[in-house]
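Biologist: I would like to learn how to read a structure with two chains. Could you take me through it step by step?

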There are 2 protein chains.
Amino acid sequence: MMNMNASIGIDIGGTNTAIGIIDENGKVLAKSAIKTPKHGDAKKYVAELAEAIKDLVAEEAKELNILGIGIGAPNANYNLGTIEYPANLSFEGITPLVDLLKEQFPRFVHIALTNDANAATIGEMIYGGAKDMKNFIMYTLGTGVGGGIVVNGDLIYGHTGFAGENGHTMLIPEGRKCGCGQHGHLEAYCSAPGMARTTLEILAQENAIDSPLAQIPFSKLESKDIYNAAEQGDPIALKVFEKTGEYLGIGLADAAHIFSPEAIFLFGGPTAAGDYILNPTKASMDKHLITVLKDTVEIRVSELEQGDAAIIGASALVLQEIKKG
Amino acid sequence: MMNMNASIGIDIGGTNTAIGIIDENGKVLAKSAIKTPKHGDAKKYVAELAEAIKDLVAEEAKELNILGIGIGAPNANYNLGTIEYPANLSFEGITPLVDLLKEQFPRFVHIALTNDANAATIGEMIYGGAKDMKNFIMYTLGTGVGGGIVVNGDLIYGHTGFAGENGHTMLIPEGRKCGCGQHGHLEAYCSAPGMARTTLEILAQENAIDSPLAQIPFSKLESKDIYNAAEQGDPIALKVFEKTGEYLGIGLADAAHIFSPEAIFLFGGPTAAGDYILNPTKASMDKHLITVLKDTVEIRVSELEQGDAAIIGASALVLQEIKKG
């Protein structure tokens, strides 16, 4: 009997590093996790990571043919296989993560690294709703707004490896401060914290002290709370979704003008609000599209399993590398 | 003796259609022009165009090996070889220009059509300053703002064939009315008419009735006038360039965040102002770039001969088609 193929997907977060073994259909066969360390010693971390991978494979995947390792990480440079100056990890400067892993796994031809948004985009293309698409865009809405862009079947990395920073395009010049230090970027309006900021503005504008959202301090306000308030018919929450969709639709129309994609996928927590966010986003994109592109772009929600999307997407990177040869 | 290779480049404008024979180095060997008709009969026009091409080849290029025909036209759809609903041409609906030309030139394998901005971009890649680049962007600044985007050595056409409408990305939500009917697009600020609009705003703001620019009615104000005033040291003209560069730099930073290109090329009339426009554009892009992309993107002026760029760019489309196989 031939062994089944599978890939290892790793998602490096600020606190935890998740490890999964994923089959060719995107199904998670096994998973584990280690702490992402604070000690800043990349070599030591990679040794720990390699041990955890080997343990997982030994326990769960003796019968599998492992094709390679795909990694999603912040500030990842695909071209060089490096993590560069990450704000939320303890490793300083430039960490040659792919080279360090290759030392641990010399048998694997395919070890590749990209940022988490790109990993999710490749996951959508390999296992998800974009299977037959050659031109599509993904927006990941979470703590930040990330992006992945597929043109002619290939993810765009650009000259530096850092292409796809769609969250850091200008929405409102000299507008809200963005996490990157600049002002007015899409991320400052359409991320989960961006929605909380919009909530505060609308509460202030309407002086809506009776809204359920007026009972939650800013520091605790999550997109889930806005969804719950909307479900109770709170007009403030409905306005927040309306306004967020209006902002996001402008960004999506810009992306459509530049790329003319077949579809734009939305991924992440805020999409759990369904039509509350989707309807105003679609209406705003449609309103802002130039005539020649009207009705040419679908807005869709990612079909990846949200909880495991990061490791699933990272594992898809291996299949994409094999496809590229 | 082997015949030298050359291509035919055609630029379809609202008034004239320019025809050129261009060698493999981008040198114009011969050119002519016919009127772009107002009669709306595409078949008749293509017959006239074919005759003009045959005359030019017979007169000037008997010794050449003609590789094909490249056409730049407004509202061109590369994927289908069609011109679709052009506002500035008399042809209604969808004109299958490539098919009509193939009937006239059945021997030519390579007949291709794209919009003028894409043609200029391919010209830059084949003959100009982007010869060794795989990832670059072109902004054409003129009556409008157009764009061409090269990723991994290929021009992006997108799902519909209409990708690259960089001029119609949002700069200032609910801002100036744009030629496309929407509001706030980059084109409304950074085209030649956009600079005239900025001039009026600054004249009004400063009440600068003594400026040389205050002596020219809006309907006659050209970017050349602003340049001339700047050369005389007029502070209003200098402010117009400053402000235009600030606007354009925001757009270029957005494009850099999305694509991470090696360079962004600027093309067209306003670039004749040199450092007046380039310096504030560079400063603004630099200011608006996220940290990881700072100092990774060059801003350069197109190296194509401005007068003949449209036919040179169109002819380059033939060489690009041959390269693609």
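**Reading the interface and some local features**

Modeller: Let us start where the chains meet. Across the interface of chain A and chain B, 20 residue pairs are in polar contact, both at pLDDT 80 or more. A polar contact is a pair of N or O atoms within 3.5 Å; within protein, one must be able to donate a hydrogen and the other to accept it, and residues adjacent in sequence count only if both atoms are side-chain atoms.

Biologist: Where does this model come from, and how are its parts labelled?

Modeller: It is a predicted model, where local features need pLDDT of at least 70 and side-chain atom pairs count only at pLDDT 80 or more, while totals for chains, interfaces and linings use all residues. Residues are numbered from 1 along each chain as its sequence is written, chains are lettered from A and ligands numbered from 1 in the order in which they are written, and side-chain values use heavy atoms, leaving out hydrogens and water.

Biologist: How many salt bridges does the rule find across the interface?

Modeller: A salt bridge is a side-chain nitrogen of Lys or Arg within 4 Å of a carboxyl oxygen of Asp or Glu. Between chain A and chain B, the rule finds zero.

Biologist: And how many disulfides does the structure hold?

Modeller: A disulfide is a covalent bond between the sulfur atoms of two cysteines. The cut-off used here is a pair of cysteine sulfur atoms within 2.5 Å. Over all chains, the structure holds zero. For C178(B), the closest cysteine sulfur is in C180(B), 3.8 Å away, which is too far for a bond. The sulfur of C190(B) is 11 Å from its closest cysteine sulfur, in C178(B), again too far.

Biologist: Is C190(B) buried or exposed?

Modeller: Buried means under 20% relative accessible area, exposed over 50%, partly exposed in between (1.4 Å probe, protein chains only). C190(B) is buried at 1%, and C178(B) is buried at 4%.

Biologist: What should I look for in the backbone?

Modeller: Try the phi angle: most residues other than glycine have a negative phi. Y85(A) is not a glycine, yet its phi is positive, about 50 degrees. Y85(A) sits in the loop between β6 (82–84) and β7 (94–95) of chain A and is exposed, with a relative accessible area of 58%. In chain B, Y85(B) has a positive phi of about 45 degrees.

Notes. Helix = DSSP H or I, 4+ residues; strand = E, 2+ residues; numbered from the N terminus.
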